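Visitor: Please take a close look at one part of this model, the place where the two chains meet. What is it made of, and what lies behind it?

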Amino acid sequence: MKADLRRLVTEIAVIVLVAAAIGVVWNFRLLRDVWHGNPTAPPPAPRQGTGAPQEPLPLGLMQVKELSATKEALVIDARDRDAFRKGHISGAVSLPLGEADRLLPGFAAKTPKDKLLIVYCNGYDCHDSKTLGRRLLAAGFTQVFVFEGGFPEWRDAGYPVAQGGS
Amino acid sequence: MHPVARHLTAVLRVALGALFLYAGVLKIANPAAFAGSVANYRIVGYFGTYLVAAILPWVEVICGALLVTGWRTRTAAALAVVLNLVFIALLVSTVARGLDIDCGCFGQGDKTSAGTAIFRDFMMVAAAGFVYRQGKR
């Protein structure tokens, strides 16, 4: 019984080690980039036409921090202007979902379609960021992500917050 | 072994293996996206999310392949039990911390709630446990 258990544990350990070896080799470039702090654009490679993703993909706090710090991504605030004025992620631009009909065409005209966009609103119980993300995908942008933790997670993590603007 | 039990074991074993293969391949296809799902659990750090995203899917794929082929069945079944128990613990922790996240169980856009995912994982624990018990020593 004891020998049986030992064999079981050994074999499981072998499986995990083999998986780790394959996983690290398979994702070597990705892991290397992440290790060196290069914000690997987490995206599925930008796809064109009908293959484009219909749902904006979620990003975690750290990824948003990395991508916004290097200006690689444009951070978009989907909340209303009042909330934006009171406090927003430093460097974010305001694009309230409520005004998307009016603002989207202008935004789409002056922003490259392959620009990395990160949309956020008021955290996990707020769906405006996802809705706006879908609209951006529909408008032809290929790399749209949602920061689901939103402004609250960012602020509580002590990251740079700006006030004012519109 | 009773013939019914034998056939049931085979069906469960292959179904469970296929499910693991499927879940693993989906994640291998898009490791960075899966890293996003891992990050949502807020348990491991930035590099950790990518490391988990790089390795975990391969554990699932190997486990699934062993179950489907029937080679080292008991080991694979035991591993499936352990994996699912870990998943359940993680899901329970998200509920306890008030995180409302997609479980990421089957790749991006898996909208399964934590409750459903926990139930599903318990079903898989039961199936894997059955396969383990019936498996050859």
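Guide: Contact here means heavy atoms within 4.5 Å. By that rule, 31 residues of chain B are in contact with 34 residues of chain A. This is a predicted model, in which local features need pLDDT of at least 70 and side-chain atom pairs count only at pLDDT 80 or more, while totals for chains, interfaces and linings use all residues. Residues are numbered from 1 along each chain as its sequence is written, chains are lettered from A and ligands numbered from 1 in the order in which they are written, and side-chain values use heavy atoms, with hydrogens and water left out.

The area buried between chain B and chain A (accessible area, 1.4 Å probe, that two parts lose on being put together, summed over both) is about 3100 Å², and carbon and sulfur atoms give 68% of that. In chain B, the residues that lose the most area to chain A are Tyr46(B), Tyr50(B) and Trp58(B), together 22% of what that side buries.

The rule for salt bridges (a side-chain nitrogen of Lys or Arg within 4 Å of a carboxyl oxygen of Asp or Glu) finds 3 across this interface. One of them joins Arg74(B) to Asp4(A), with the closest N and O atoms 3.2 Å apart. On the side of chain B that touches chain A, helix H2 (31-40), helix H3 (46-69) and helix H4 (73-96) of chain B each supply at least two residues; helices are DSSP runs (H or I, at least four residues), numbered from the N terminus. H3(B) provides the largest share of that side, 10 residues.

Behind the contact surface comes the core. A nonpolar core is a set of buried Ala, Val, Leu, Ile, Met, Phe, Trp, Tyr and Cys residues joined through side-chain atoms within 4.5 Å, where buried means under 20% relative accessible area (1.4 Å probe, protein chains only). The largest such core has 53 residues, of which Leu16(B), Tyr50(B) and Leu67(B) touch the most other members. H3(B) gives the most to this core, with 13 residues. Leaving aside neighbours within four places in sequence, Leu67(B) is in contact with residues including Arg13(B), Leu16(B), Ala80(B) and Val131(B).

Helix H4 of chain B also holds Phe87(B), which is buried at a relative accessible area of 18%. Beyond neighbours within four places in sequence, Phe87(B) is in contact with Leu56(B), Glu60(B) and Asp121(B).

Key
Buried < 20%, exposed > 50% of the residue type's maximum accessible area, 1.4 Å probe, protein only.
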